[in-house]
Amino acid sequence: MDRNLFLALTLSATFQCLAQTPEPMEVRRAEAVFEELPELKASEILKPELLQGPHFVVRDPVPTGSGMNQFTIDSDFGVFEADGNEMLLQRLKEIDAIARLQEVSRTDEFKKSLVAAAKSPLNSARNIARDPAQAISNVPKGIMKFLGHAKETVEKGGSDDAGEGSRMKDAIGYSDKKRKIALQMGIDPYSTNTVLQKQLDDVAWASWAGGFTFSVATFPISGPIGAALTVTNLNSTVEELLREKSPSELEQINRSTFRAMGASASDTDRILHGGAFTPTQSTTFAVNLKALKGVANRGAFVKVAAQKSTTEADALFCVYTAALMNQIHQKTPIARIVMLHDFPICVAKDGTIIVALQWDYAAWTSGAASFTDEVQKLAGKSGQSAHVSVGLSGEISPRLRNELEKRAMTVQDRLVPGPLK
């Protein structure tokens, strides 16, 4: 149940509230004043074109635990899970991409190119370096480090074996080709979706070693789902970095960014090699925090993200929270970040306490009540009982809105509606 350790503080009381173990009558009476986290219906909350498409159907039950709407997608290519609204959009784009790549693989030109690639002297490079995204969900440290060191060795001319160095260059070229094909299609080249990675791998290999010409324009997204999925959910700066920089170069850039914010070398290493963050996620996290130019104590957020993130869901929470902070910062300049236990809280230049919540559906639970009390105490410590503003990416229940407004807090939800109606 505890899928997102980063949210342990705010969710622990909620989990206790939902537990089925018998408790004293007075405790059960006290809990009755709180809401239970609902099970939503995809048919009621999603835009119609995102509920069902040519190759997928989103299951109707949508649990709301861990701050993320939990979607299950039945597709022609298997069952996919999506942790949260943003991940749902990514998975649907990936399903569309898999379908289009499979169409490519059925063409005569592709089949001929694949045969040519198998006979190519470049074939040995494929065994050295299948793109890091291929193995990111299994051994994210080893492959990423290997390619990074390989590139450095080749560029510095440090290899004693000219043939080995040549194969390394070929492997890097293949990785670049795969990355650029993914970005042409508007999808994350480092996605943990192994079905997608297999399709990308084949098309990239036929292109790199077999001379296949891939053009995304030949396979446009069509139908009602097209408009909803055409726009990439990658920040333009992030997309440019992914397109132009190798994994090794991304690592160097991100390392420099985190260290400049005051993050320790060990915490930076945990983000870059800990296994929770993919290269895309660590880059997005770095870019959004860097955009908070002049905001003090960003290193504290990096530290918690590094030390508490053990799963992709944890990493995504950090990434999306930093993006939400950046969005808020454009309208209400933030002065510094303070940590409420393990949760980052923003303090605006005018003294306003800003709680940026990457939360798909928030209700008035015991966890929410405890967290609200902590925020009020923090505001009181400012000496002027600072105003509190809560910004939520998704939906807030009417009860929670009422409770926060009773406490004179400003509430904004649906800051990032994503796939919601």
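Helices (H or I, at least four residues) and strands (E, at least two) are taken as DSSP runs and numbered from the N terminus. The structure is a predicted model, in which local features need pLDDT of at least 70 and side-chain atom pairs count only at pLDDT 80 or more, while totals for chains, interfaces and linings use all residues. Residues are numbered from 1 along each chain as its sequence is written, and side-chain values use heavy atoms, with hydrogens and water left out.

The protein chain contains 20 helices and 13 strands. Of its 421 residues, 53% are buried, where buried means under 20% relative accessible area, exposed over 50%, and partly exposed in between (1.4 Å probe, protein chains only). Contact is defined as heavy atoms within 4.5 Å. Among contacts between residues at least 6 apart in sequence, 65% join residues at least 24 apart.

Serine 397 occupies the loop between strand 12 (395-396) and helix 20 (398-406). Serine 397 is buried, with a relative accessible area of 1%. Its side chain forms a polar contact of 2.8 Å with the side chain of glutamate 35; a polar contact is a pair of N or O atoms within 3.5 Å, and within protein one must be able to donate a hydrogen and the other to accept it, with residues adjacent in sequence counted only if both atoms are side-chain atoms. A polar atom of the serine 397 side chain also lies 3.0 Å from the backbone nitrogen of leucine 400. Apart from neighbours within four places in sequence, serine 397 is in contact with Glu35, Tyr361, Ala362, Ala363 and Trp364. The C-alpha atoms of serine 397 and alanine 362 are separated by 6.1 Å, the two residues being 35 residues apart along the chain.

Glutamine 358 lies in the loop between strand 9 (353-357) and strand 10 (361-362). Glutamine 358 is buried, with a relative accessible area of 10%. The side chains of glutamine 358 and serine 393 are joined by a polar contact of 3.4 Å. With neighbours within four places in sequence left aside, the contacts of glutamine 358 are Gly67, Phe317, Tyr320, Thr321, Leu324 and Ser393.

Two packed helices are described by the angle between their axes and the distance between the axes. For helix 5 (residues 85-105) and helix 11 (residues 194-210), the packing angle is about 35 degrees and the axes are 9 Å apart. Axes are lines fitted to C-alpha atoms, for helices over the stretch in contact, and angles run from 0 to 180 degrees between N-to-C directions. The crossing of helix 5 with helix 11 is left-handed, a term used if the near helix is turned anticlockwise from the far one by less than a right angle, with right-handed used if clockwise. On the helix 5 side, Glu94, Ala97, Ile98, Leu101, Gln102 and Val104 meet Val195, Leu196, Gln199, Leu200 and Val203 of helix 11. By class, this contact has eight nonpolar, two polar and one charged residues; Ala, Val, Leu, Ile, Met, Phe, Trp, Tyr, Cys and Pro count as nonpolar, Asp, Glu, Lys and Arg as charged, and the others, Gly among them, as polar.

Leucine 88 is also found in helix 5, and is buried with a relative accessible area of 0%. Beyond residues within four places in sequence, leucine 88 is in contact with Leu46, Val58, Phe71, Ile73, Ala82 and Pro419. Leucine 88 and glutamine 70 are 18 residues apart along the chain, and their C-alpha atoms are separated by 8.8 Å.

In helix 13 (residues 236-244), the buried residues are Val238, Glu239, Leu241 and Leu242. These residues lie on the same side of helix 13 because they cover an arc of only 160 degrees around the axis, the arc being that of the directions from the helix axis to the C-beta atoms. Ser236, Glu240 and Glu244 are exposed on the face turned away from the buried side of helix 13.

Leucine 378 is located in helix 19 (residues 366-380). Leucine 378 is partly exposed, with a relative accessible area of 21%, and touches Val338, Ile345 and Ile353 when residues up to four places away in sequence are not counted.

Histidine 341, with phi near 60 degrees, is placed in the loop between strand 7 (334-340) and strand 8 (343-348). Arginine 414, with phi near 55 degrees, is in the segment after strand 13 (410-412).
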